[in-house]
Amino acid sequence: MAFRTGIVQRVRSFLGREADNNLSDEVRMHLEMEAAQLEKHGFSRHAARLEAQRRFGGVDRYTEELRDVRGGRAWDSALQDARYALRVARRFPAFTAIVILTLGIAIGANTAIFSVVDTVLLRPLPFPHGEQLVLLYGQNPDKSLPRFSVSYADYLDWRAQTRSFTDIAAYASSSIIFAGDDEPQRLSGMNVTNNFFDVLTAHPRFGRLFHTTDLSSDTDNAIVLTYGFWKRQFGGDSTIVGRPLTLGSASRTVIGVLPEDFDLVGQPLDAIVVLSPNGIPGFQSHGQHTLSVVGRLRPGVSLSAAQQDLAAVAAHVAEAHPDIAGWSANVFFLRDELVRGIRSPLFVLLAAAGLVLLIGCINVANLLLTRSALREREVALRQALGASRARLIGQLLIESAELAVGGALLGLVIAKFTLGAILRVAPAGLLPDTAGLDLRVLVFAVMITVLTTVVAGLWPALSATSPRLARSLREGGRSSSGGMRALQARRSLVVAETSLALVLLICAGLVVQSLRHMLAVDPGFRAEHVATIRVTLAPPRYNDTTQVQFFRDLQSRLEGRGGIESVAAANSAPIAGGGIVTNIRLMGMPATPGQKLMGAVTGVTPGYFRTMTMHMLQGHDVAWSDATPGLLVSEAAARQYWPGQSALGKRIAFGPRDTIGLEVLGVVGDTHSRGLSVDAPPMIYASYSAITNLARTMSIVVRGRGDVASILATTKQAVHEIDRTLPLYNSQSVSSLVDQSVGQSRLNTTLLAFFAAVAAVLALIGIYGVVSYSVTQRTQEIGVRMALGARQGDVLRLILREGATLAAVGVVIGVAGAFAATPLIRSWLFGIERTDPATIVGTAASLVVVALAASYLPARRASHVDPLIAMRGD
Amino acid sequence: MVAAFPVECQGERHVHPNADVLQGTLDLLILKAVSLEPMHGWGISQRIQQISRGVLEVNQGSLYPAVHRLVKRGWLDATWGTSENNRRARFYRLTAVGKKQLVEETATWRRFSGAVEDILATS
C-alpha cells in the first residue's frame, strides 16, 4: 500500500504541476480556517489573515520540506545541476573545447568502425534463417584447394545422397548480353538451378521467382531481374513483369524483380536465369568443376554433422568415378565465408579505436582533475554548507555527462564523414554500402558516451569531493598535500596513456612498412600505359575458330593505330587471380603414384608477354602460325615441374584422355598473379586455341603511348569495327588493378595509422598537461632551489627530465604491450618481423623526443620563476 | 517542534519554556487525533490543541510534512473532500496498519513516561 501510494506520489511530484496545485489547495484551506478562528477571537479580518500566515511559518519552506518527503527531489536537482554545469562549461571555454574535440574524435572513430562492423559482421543475412545457409565446395586430393568449384554431376549426386540439407542449389556467374536501348550491354548474370530461390527462401518484390517445381518449359524463357538493374534500366517501371527482353540471340520474359536487399555474393548482379545443363561444357563429367553450391541445413543438424555426411557422400561418388578419385568436399557457413577476409582486420581496427577512446578518456580525466583543483574552494564551500557528498558527485558527473554528450554530437558528425571516406576509399565490393548511422549504431554511440562519462568523470568526481578538501578552506593556499597526491595520480595516468599510444604507434609503424614493401614488389610485368577490358564471345555467334580469328583480327587492326603498341588477350586479367585450375600430367616424368598434380592455366594469344612486358627467359612465344597449340611456363613452374632440367621441349597433358600433351615452347618470368604479398605461383600459359571452350570471356590487354582513356576508346572502336554487337565491360588500367589488389591492405593501414597518430597527439597533450600541473604544484620547491643557487638551466633540465621520465616509463611499458599486441596483426605484416627492432626503437625514441618538446614550454615557465614570489607561496 | 502557550491570551505570546516534546510524539498525536474520526490537517491541529487543553500546540509548519510522512508509510489514508468552509481539503483516515501502529506507539510512550516518572519520584 505504501509502495503504491509512494509510486503514485512520486509520479505526481515528478509531474510537478498538479502536485503543487494540491499543495496550495490544502494550504489555502488551512490558512482560511485559521484566519476564521482568529477572527472569532477578536482579530480583524486583515490581521487574522496575517497572523494565520505568520503562525503557519513560511509556506515556501514547508513546500520544500514536503517535496523532500515526497521524493521528487532527484529530478529537480538533476535539472538544476544540468543548468549549472552549462554555466561551468562556459566559464572554462578552452577546456570545454579541448574536451569536446578529444571526445568527438574518439567517439566518432569508434562509431564509424562499429558501423562497418555492424553491417558486415553483426547484421543477419537478408534471408530468413540465414544462419542455416551453407556453401559446399569440392576439395582436391592433396587438400591444397579446400574451396574448389563443384561439377554439375557431383551436384546432382550430392543432392540425391546427402541427408543433412533441406535442399542444395547450384549457381555460376555468367555474362548476359542485353540488347539495351542503343549499345549492347553486358549484364552481370547468374545461372542457377531452379530451386535456388527456394533454398534461400527469397521472395520477390514483384512478380514471382523460380521454384523447385518449375519445369524447364516454364523457365527456359524466363528471367528474374535484380532491384538495382530494374531501377537503373527501367526506371522502376512496375509494369516490367511480363515484358520480353532481347538478350543476345534469344528473348526472355521478365517474370519477377528481386527485393532491394537481395545479395548473395557481394558482387553487383543484374539478372538471374535458370541454367541449362547443356550450356555447361562437359556437364555429365564429374571432372568439370564450374559451379558454386549453396544449401540450407536441416533444422537441428550441426555443421560438423553435415560435413561428415557430405564428405562421406563425396567419397562414395569419387570411388565410383575414377576421374575424380581422391576428391572430397567441404561445407562452411555462408556467413563465415562472406566475411572471411575482413573479420579479423575489422576487429583489430575496433580494438585500436577502443584504445583511442581510452586514451581520450584518460586525457579528459586529467583535465577534469586539473579543473577540479581550480574549483577546490567552491566544492569545499558547498560541502561545508551542507551539500552531501553524493549530491556533489552527482553534479560533477552531470558535468562530465554534458561534456560527453557534446563530444558525442561532434562525434556523430565526424563518424558520418569518416564512414563516407572509408566507403569511398574501400575497394569495390569489400564493404556493403548500406553501412550508415542507423539505430543500432546510435545506440552504440549512446552506450560509449555513457561509458566515457563514467570512466573519465568518476575518479575526478570522487577525488574532488573527498573529505580532505575541507581543509583547503582553512589553509587558504592552493598547495596542499592533496595536490601532490593528485599529481602522482595524474602521472600514472599519463604513463598509461603513453604506453597505449606507443603500442598503437608500433603496430602502425609495422603495418605502414609492410604496405610499402608490398607496393615495392615487382609484379613481374609493367603496369604503366596498359589497359584491360573484358569481352565475351559466346555461341552461337562464335565458335572455336572464329573466337581465335577475332583476336587475330583485333591485333592486326589495333597495333600501330593511335599510339597502340601491343595488343593481346588472356582469359584472366593480370593480378586479378581467377583462371583455370586443372589436372595436369607431366609427360615423360615418373608419375608419383596416387598424386594428382594441379596446375593453374591461363589461355593467352600471341603477343601477351610482349604487351605485359614480361621477361622471356628461354624459348619463344606462341604464334598465330603454330600448327598445334603450345605452352609457356613460368620460372616457378619450370623449377617445380622439372627441377634441374630445361623446360623447353617438355610436354604437359591435360585430361585423362590426352596422350600427346602440349609442348613447352618457352619460359617466362614469374608474376605475382595472386597478389603482391603472395609468392609468385607456378603458371602455365597455353595457346588460346587450346582452351577456347573454357574461355569464352577474355581480357583484352592493350599497351599504348597515350593515356588509358584514349587507349580504351581506340580499342572499343576497333572491336566494334569487327563486331558491333559485342559489349565490352570492366575497362580499367592495369595500374588500377594492381592498386585494387592492395586496396584492403591500404585501407586497413591508413585507418590504423590514423588511430595511432590521434593516440600519439592525445598522449603528448597529456604529458604537456601533467608537466604543466607539476610545475604549478612545485613552484615553491623551484623557488627554494633557485634561492639555494640553482640556475635557470638547472631548473629547465629538472622539468625536462620529469617529462622525459614519464615518457620513458610509458615507452618501456608500451614496448612490453606491443610484444603482446603484435601477434594480432601478424597477417597484416609483409616483409617485416613483428619484433622489428628498428621500428620499435625508432617509434619509442621519437615519442620520447616529442615528449621532451611537449615539456619544453612548462620547463621554460619553471625556469623563469621568480624565487622570491615562489617562496612566498601565495 | 511543539510550543505551548495558553490560548486565552489574545494578541500576546507566552512561551512555556519546558514544554518541548520529543520527536516522534508528533506522529503519535496525529495518529491519535485521526483515530477518533477522519479529518483534515487543520482539524488535526485544532483537536490536539483542544484535547490537551491548550498545553500542546502544533507548529503548523511541521504538521503537514509529518502527516505526509505518515501517508507515505501507509499509516494514514488520504482522500479529497469538502471542508466546513466549502473548500477542497484532504481528509486523513487511519489505516489498519496505522491502528496497529497507534497501539504500539502508545504502549511505548506509556512505558517511557512511566520510567521517567519513576525516576523523578525518587528523591
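**Entry 1: confidence.** I looked up chain A first: its mean pLDDT is 85, and 92% of its residues reach 70 or more. pLDDT is the predictor's confidence in each residue, from 0 to 100. Residues 476-481 of chain A fall below 50, and this stretch has eight contacts in the model beyond near neighbours in sequence. I count two residues as in contact if their C-beta atoms, placed from the backbone, lie within 7 Å. Where pLDDT is low, the predicted coordinates should not be read in detail.

This is a predicted model, in which local features need pLDDT of at least 70 and side-chain atom pairs count only at pLDDT 80 or more, while totals for chains, interfaces and linings use all residues. Residues are numbered from 1 along each chain as its sequence is written, and chains are lettered from A and ligands numbered from 1 in the order in which they are written.

**Entry 2: cores.** I looked for nonpolar cores, meaning sets of buried Ala, Val, Leu, Ile, Met, Phe, Trp, Tyr and Cys residues joined through C-beta atoms within 7 Å. A residue is buried if 20 or more other C-beta atoms lie within 10 Å of its own, exposed if 12 or fewer, and partly exposed in between. The largest core has 101 residues, and A:Phe755 and A:Ile767 are among those with the most contacts inside it. Leaving out residues up to four places away in sequence, A:Ile767 touches residues including A:Val494, A:Leu806 and A:Ala851. A second, separate core has 62 residues, including A:Tyr152 and A:Val331.

**Entry 3: helix α16 of chain A.** I use DSSP runs numbered from the N terminus: helices are H or I of at least four residues, strands E of at least two. Axes are lines fitted to C-alpha atoms, for helices over the stretch in contact, and angles run from 0 to 180 degrees between N-to-C directions.

Helix α15 (residues 389-425) and helix α16 (residues 439-464) of chain A have axes that come within 8 Å and cross at roughly 145 degrees. Their contact includes A:Ala404 and A:Gly411 from α15(A), and A:Thr449 and A:Gly457 from α16(A). By type, the residues of this contact are 14 nonpolar, six polar and no charged. Here Ala, Val, Leu, Ile, Met, Phe, Trp, Tyr, Cys and Pro count as nonpolar, Asp, Glu, Lys and Arg as charged, and the others, Gly among them, as polar.

Helix α6 (residues 93-122) of chain A also packs with α16(A), at about 145 degrees with the axes 10 Å apart. A:Asp118 of α6(A) and A:Arg440 of α16(A) are among the contact residues. This contact has seven nonpolar, five polar and two charged residues.

**Entry 4: single residues.** I found A:Ala647 in the loop between α21 (635-641) and β18 (651-654) of chain A. A:Ala647 counts as buried because 23 other C-beta atoms lie within 10 Å. Residues up to four places away aside, A:Ala647 touches A:Val633, A:Ala638, A:Trp642, A:Val664 and A:Val667.

A:Lys143 is not a glycine, yet has a positive phi of about 60 degrees. A:Lys143 sits in the loop between β1 (133-139) and β2 (150-151) of chain A, and is exposed, with 10 other C-beta atoms within 10 Å. A:Thr201 has a positive phi too, near 55 degrees. A:Thr201 counts as partly exposed, with 14 C-beta neighbours inside 10 Å.

**Entry 5: chain B.** I noted four helices and five strands in chain B, in the order β-α-β-α-β-α-β-β-α from the N terminus on. Of the 123 residues in chain B, 28% are buried.
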